[in-house]
Structures are given as C-alpha cells and as structure tokens.
Amino acid sequence: MSETRAANGFSFAGSLDETLDRVWRLLGRGVADRHAAERHPTLANVGLDGAPQLRTVVLRSADRGAALLTVHTDNKSAKVSQLQADPRCALHVWNGKQKLQMRIKAEAALLTGASVADIWDRVPASSRTAYGGDPFPGSPLDDLAAYRADVDPERFCVLALHVQAIETLCLAPDRHYRAVYTKDNGWGGQWLAP
C-alpha cells in the first residue's frame, strides 16, 4: 500500500495511519469542544418501515481503544425502537476546514437504568429536560402548550455505538484521498478509488 505526499495542510491524507489518527483526534475534539464540527454528526439507521432515518445527534464520547462512540437520547424516541429492531447504524461527520468526510458504520447497544446512572449524574440540570417530556418525542401535538417538559432519569438512554468500519474521503486540493478501515481487519486501512 503506497502512501503519497498530500498537498500542504493535508499531509495526513496521503497516509493511512495518519488519516485514522486524524479521525479519532477529530472525534475526541467533537466530544470536548461544543463548537467543533464533529460535535453534531448525523445518525442514520433503518426505520421500522424499512425507510432510511436521519437525525443530528450530539457526540458524547469517543474511545478509540474500545472503538466506541456514544450519544444520548430519550428511550421513548423512535430511534430507540428502530435500533432495537435493527442495531445497524452509521454516523456521517463532515469537517469543512479539513475537507474530510467520515462515514462510520456501527452496531448500537442501548443502555438504560442503573447501567448509566453515573452518566446521568453528570448530565447538566439544564439538559435533563430532554429526557422525560410528555407526550413522548415525535408525538403529534394539537397545540404547542400540550407539551410538558419533565425530567425522568428512567427515560435516559445511552446509545453505545460499537464501530465496525470507518470510511474517509479527503477532498485535498491536489486530489481526493479515500480509505476504509474495518474492525475485522484490525483497523488496517485500505485505499479506495475516490
């Protein structure tokens, strides 16, 4: 697998190892920096009707060693029942400054109750109303006043996204660089035609 020297400012793109390192650094920055592009990836999964479902989520943790990403949700949201039926999902992340697209395939595990109590304890009070409103997320409302925000720790759910593959595409000025990394291959990279 040959590597190439990429355009200035995009040196990572010509190296499989440096590209994967960059992905995990950016994901970590998305967790730590609320202004980072990686903070709000798009989560894709299959709906109960078989149709694709997309929504923006907030990246809460990124652990390269465990190949694990997490996001939080209300366990009464549609995505929870959808992921219970089919745990396959993907995250799409775009960093415009680095012209880097990351497509991350994962298997979701849904964690609730006592297993996430320590995480719940760290959720800021101002954010807790996202877990427990009445009626449930996505329910039709006849009037905006019919919705009541509430806090219910039993409705807090962590989506543990066990990463299976990462595909990158860097739109560097000299050329496009595309690669794929898979868990089954020990995260060894493979160049792809852009």
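The model is predicted: local features require pLDDT of at least 70 and side-chain atom pairs pLDDT 80 or more, whereas totals for chains, interfaces and linings use all residues. Residues are numbered from 1 along each chain as its sequence is written, and side-chain values use heavy atoms, without hydrogens and water.

**Helix H2**

Select residues 78-85, which form helix H2. Helices (H or I, at least four residues) and strands (E, at least two) are DSSP runs numbered from the N terminus. Within H2, Lys79, Val80, Gln82 and Leu83 are buried; buried denotes under 20% relative accessible area, exposed over 50%, and partly exposed the range in between, with a 1.4 Å probe and protein chains only.

Next, display the strands against which the buried residues of H2 pack, among them S1 (42-46), S4 (68-74) and S7 (156-171); contact here means heavy atoms within 4.5 Å.

**The aromatic cluster**

Select Trp120, Tyr131 and Phe156, which ring pairs link into a cluster. Rings of Phe, Tyr and Trp (its six-membered ring) pair if their centres lie within 6.5 Å; planes under 30 degrees apart count as stacked, over 60 as edge-to-face and the rest as tilted. The count of aromatic pairs by this rule is three. Trp120 and Tyr131 are edge-to-face, because their ring centres are 6.0 Å apart and their planes stand at 75°. Trp120 belongs to helix H3 (residues 117-122) and Tyr131 to the loop between H3 and S7, so this pair ties together parts 11 residues apart in sequence. Both Trp120 and Tyr131 are buried.

Trp120 also forms a tilted pair with Phe156, at 5.2 Å centre to centre and 55° between the planes. This second pair joins helix H3 to strand S7 across 36 residues. Phe156 counts as buried, because its relative accessibility is 0%.

**Arg175 and Tyr177**

Move to Arg175, whose charged end sits over the ring of Tyr177, 4.8 Å from the ring centre. The criterion is NZ of Lys or CZ of Arg within 6 Å of the ring centre and within 35 degrees of the ring normal.

**The largest pocket**

Finally, select Val58, Arg60, His72, Ser127 and Tyr131, which lie nearest the centre of the largest pocket among its 23 lining residues. Strand S4 supplies the largest share of this lining, four residues. A pocket is an open set of points on a 1 Å grid over the protein atoms alone, where a 1.4 Å probe fits, with protein on both sides within 12 Å along at least five of seven lines; lining residues have an atom within 4 Å of a point.
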